[in-house]
Amino acid sequence: MINRAKEIGDIIKKSKEVHIVSHIDADGITAGSIAYQTVKRLGKEPSIDFVKQLDEAIIERLKNENHALVWFTDLGSNISAQYPEINKIITDHHSCPEGSNKSYHLNPHLFNIDGGFEISGAGTTYLVSKTLNKENIDLSPLAIIGACGDLQDRRLGKLTGYNQEILKDGESSGHVKSKIDIRYFGRETRSIPKLLQYANNPILPGLSGREQACISFLQELGIRVQDGDNWRRWIDLNKSERMLIVSNIAQLLLTKGFGHTITKRILGEVYILEKEEEGTEVHEAKEFATLLNSTARYGQFDVGLQVCLGNRDKYLDEARNLLLGHRANLVEGLQFAKEEGIQKRKYIQFFHAGTGIRDTIVGIVTNMLLNSEEVSSDIPLVGFADKGDGEIKVSARGTQQLVSKGLNLSKAMKKAANELNGVGGGHNIAAGATIPKGKEEEFLEILESEIKSQLT
Ligand code: C5P
Ligand code: C5P
Ligand code: ZN
């Protein structure tokens, strides 16, 4: 992989102009930002675009724009062997079709490494960046944020594989510190009751979804929940208060029959960005990733890009505003999907949000639902959203357990979409597709039969 990264670095050095195309999620924004900074530091002026997926319209546009070099980050693996008229390099981590092993394509799958959790799009982009300039080691935090944005730390409660190598760069250069702590979202910015209320994976029986119950739970432990008018956050607690809460949550889970393996998931590695201000969204990798997800998914990619490039004041404020909207959309989206109802078939379950959930966040909602109390996680969950242009966005999510039984959502979604003139792909645990409107029922038929054969 390092050799391939060097070869790609050489192509960049030799090119007089570079246009970057990246994906709209946190991993895509961090990947694009690393590429952008890398090209800039070579003394060239890059241009950059963020897209939902590489479809025909975008390919056509790129052909017409006639760039000296197009750098695809966090996407592109599915077209690596196509469109020779586009002079390209690709740093991606999505599953790739036969014939993708090209000298200009860096992808863990080409080297028998699992792109689902060992390295992200930002990570592969960082590998290239590092071969060009040792100083680019200061971009390692962005690669950690990208990996966390893609939930690559979820399986083991910490980053592994190449991600761990990147983490070492972040630590040795004083940019990142990993520590063992509670893994629930919002250590830096949420009040402690809210952190517990929104806890998932594992959910906290009796507490998840119930704010007052969370406040009482903390008060019974003798934890002060407020300092004057201010709610205390996880980072405001002292060590013994944190340990008291963790041990009581563990006990709660164990008495409710969750077992040790699941209970242990409450603790794991969290990644602190040491150069950032404590108590802000940019001080911890998962919160940073969520902040980024609030930008490009709503068309505001410049905000995400600028925050990643270190331009803070105005852009951080804008990102925070977008975050408020994003949170409200997720809450509403979850509610909406629950009201529509999850329909169960034998090997898959699904909901159709129509135009009730944006196509760019239906994947996040699907993921959250599969991890909620109300939805069983013994079969994959599929979410449909109407894009409003005659096309339907499909998102599918599975679990590690299903993957170990043979589930490969990337393969299944790609197959079902292709049969209906759509496109699809992704990872074994999480995949997406776009299909023509009206084909949902047929799509489910094909998808279910493929998943059935994977699982039996
Ligand atoms: O496009 P990209 O590869 O960046 O996105 C990865 C997707 O896979 C994310 O939506 C992430 O939430 C999902 N994922 C997941 N569970 C995992 C790993 C990734 O749902 N264990
Ligand atoms: O959009 P969603 O979050 O559901 O995507 C899940 C995963 O599938 C992501 O890694 C995404 O990049 C990938 N995907 C893809 N091709 C599509 C749609 C999604 O590779 N057409
Ligand atoms: Zn990614």
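The protein chain folds into 17 helices and 15 strands, where helices (H or I, at least four residues) and strands (E, at least two) are DSSP runs numbered from the N terminus. This is a predicted model, in which local features need pLDDT of at least 70 and side-chain atom pairs count only at pLDDT 80 or more, while totals for chains, interfaces and linings use all residues. Residues are numbered from 1 along each chain as its sequence is written, ligands are numbered from 1 in the order in which they are written, and side-chain values use heavy atoms, without hydrogens and water.

Overall values for the protein chain are as follows.

| Property | Value |
|---|---|
| Span of the C-alpha trace along the principal axes | about 65 × 50 × 35 Å |
| Residues that count as buried (under 20% relative accessible area, 1.4 Å probe, protein chains only) | 57% of 456 |
| Share of contacts (heavy atoms within 4.5 Å) with a separation of 6 or more that join residues 24 or more positions apart | 64% |

Distant parts of the chain are linked by Asp 74, in the loop between β3 (70-73) and β4 (88-91), and Asp 150, in the loop between α5 (140-149) and α6 (162-172), which are 76 residues apart. Asp 74 is buried, with a relative accessible area of 0%.

Terms used: Buried < 20%, exposed > 50% of the residue type's maximum accessible area, 1.4 Å probe, protein only.
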